[in-house]
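Open the model in your viewer and keep the sequence panel beside it. The tour starts with the whole chain and ends at a single side chain.

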Amino acid sequence: MDIKSIVSYRLPDYEGKRLKDPHVVIVGAGASIAACNKDKNGRAVPLLKNIHEVLGLTDELKKYNFSEEQMADFEKLFSDIYEKKQYKALQKKLEYKICEYFGKLVIPDEPTLYDYLILSLTEKDAIISFNWDPFLMQAYRRNMNVGNLPELIFPHGNSGVGICNKCRVKGYANCICPHCYGDLEQMPLLYPIGKKDYSGISVIKNEWERAKFVLSKAAGITVYGYGAPVTDIEAVELMKTANNISQMKDIAPFTIINLAENEKEQREKWLDFYDVRMMMYCNSFEETILWRNPRVSLETLFDAILQQQPRSEEKSFKKFSSLGELQEFTKTITEFDMCI
Ligand SMILES: [Zn+2]
């Protein structure tokens with residue numbers, strides 16, 4: 001009897017011995033902080049809640065008589081002033097300063113957790129980032145020589161991405177379009193407002209569609225440093241819909257990487273998304289299956305639980321002191337193509 005007819009969930013999709021379903025990693029601010037707390041030039045990566053301090057906008061906000069309490073919740077504050085006539089100048093100033101600040105951030109030379117994250121996945125996989133900082137794009141660019149890298153999706157826009165609306169091309173910020181040779185425009189950033197209307201910006205709409213598509217196929221999900229604030233209703237809704245379509249909750253690993261003190265809240269927040277037997281709560285990226293079995297995280301897990309044929313863990317990541325060493329090591333991992 002075919003096993004597919006006796007189980008209630010979808011089984012992973014294989015082509016020969018090669019897994020086709022993606023491992024999808026969702027990253028939030030906590031991941032950027034863990035990867036690059038300070039950029040190459042010592043600039044801090046702001047969390048949204050302290051963004052006005054890092055950007056030097058505290059005095060500007062005080063002019064509008066915002067209290068300390070209001071300023072401590074930037075997402076709410078921005079939602080409240082958004083498209084209100086009396087705050088038009090303030091809104092423009094905040095948007096300009098945010099984009100300018102993020103656009104100047106540069107990834108440090110040494111290997112960061114974003115390099116490890118990108119190199120732990122392959123081209124069937126995807127990273128959905130809700131962050132504006134350009135570190136993930138910069139990490140992708142400098143690891144391109146390794147090849148077979150995951151898709152990057154930015155539903156809130158990203159300061160490291162340039163777009164050509166005419167050719168519908170997405171590339172690196174401040175570069176030229178490979179088709180028409182015109183300058184790429186800065187990808188718009190989607191600001192935290194209560195009800196986001198992302199459908200009006202075609203490039204952003206496309207990112208949401210891609211995110212939904214990869215999540216609906218996901219055979220493994222990792223949520224890295226993403227708090228899913230209340231202003232991100234759409235993101236959570238999107239994940240719920242996609243998760244239902246995927247129908248793999250019973251066997252798909254769901255990993256949360258977050259601080260120990262957030263465990264209770266995080267476990268509850270994502271309760272709809274996992275089967276308790278397939279859930280792993282990690283305090284660092286180094287504890288995950290992506291670190292232990294880079295590039296073959298799901299293959300390794302499914303071989304163990306479905307085929308009862310565990311793979312070795314010989315090729316786990318370790319701390320490398322240079323990016324070159326990390327890349328050379330990654331190139332030796334070819335088991336995603338291997339028949340065992
Ligand atoms: Zn173009």
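**Whole chain**

Two residues are in contact if their C-beta atoms, placed from the backbone, lie within 7 Å. Residues are numbered from 1 along each chain as its sequence is written. This is a predicted model: local features need pLDDT of at least 70, side-chain atom pairs count only at pLDDT 80 or more, and totals for chains, interfaces and linings use all residues.

The C-alpha trace spans about 70 × 40 × 40 Å along its principal axes.

**Confidence**

Color by pLDDT, the predictor's confidence in each residue, from 0 to 100. The chain averages 87, and 93% of the residues score at least 70. Select H10 (residues 233-246): confidence is lowest here, at a mean of 78. Then select H7 (residues 113-119), where confidence is highest, at 98.

**Core**

Which residues have the most contacts inside the largest nonpolar core? Select Val24 and Ile127; this core has 79 residues. Such a core is a set of buried Ala, Val, Leu, Ile, Met, Phe, Trp, Tyr and Cys residues joined through C-beta atoms within 7 Å. Buried means that 20 or more other C-beta atoms lie within 10 Å of a residue's own. H7 gives the largest share of the core, six residues.

Finish on Ile127. Its contacts include Val25, Leu117, Leu136 and Ile153, not counting residues up to four places away in sequence.

Notes:
Helices (H or I, at least four residues) and strands (E, at least two) are DSSP runs, numbered from the N terminus. A residue is buried if 20 or more other C-beta atoms lie within 10 Å of its own, exposed if 12 or fewer, and partly exposed in between; C-beta atoms are placed from the backbone.
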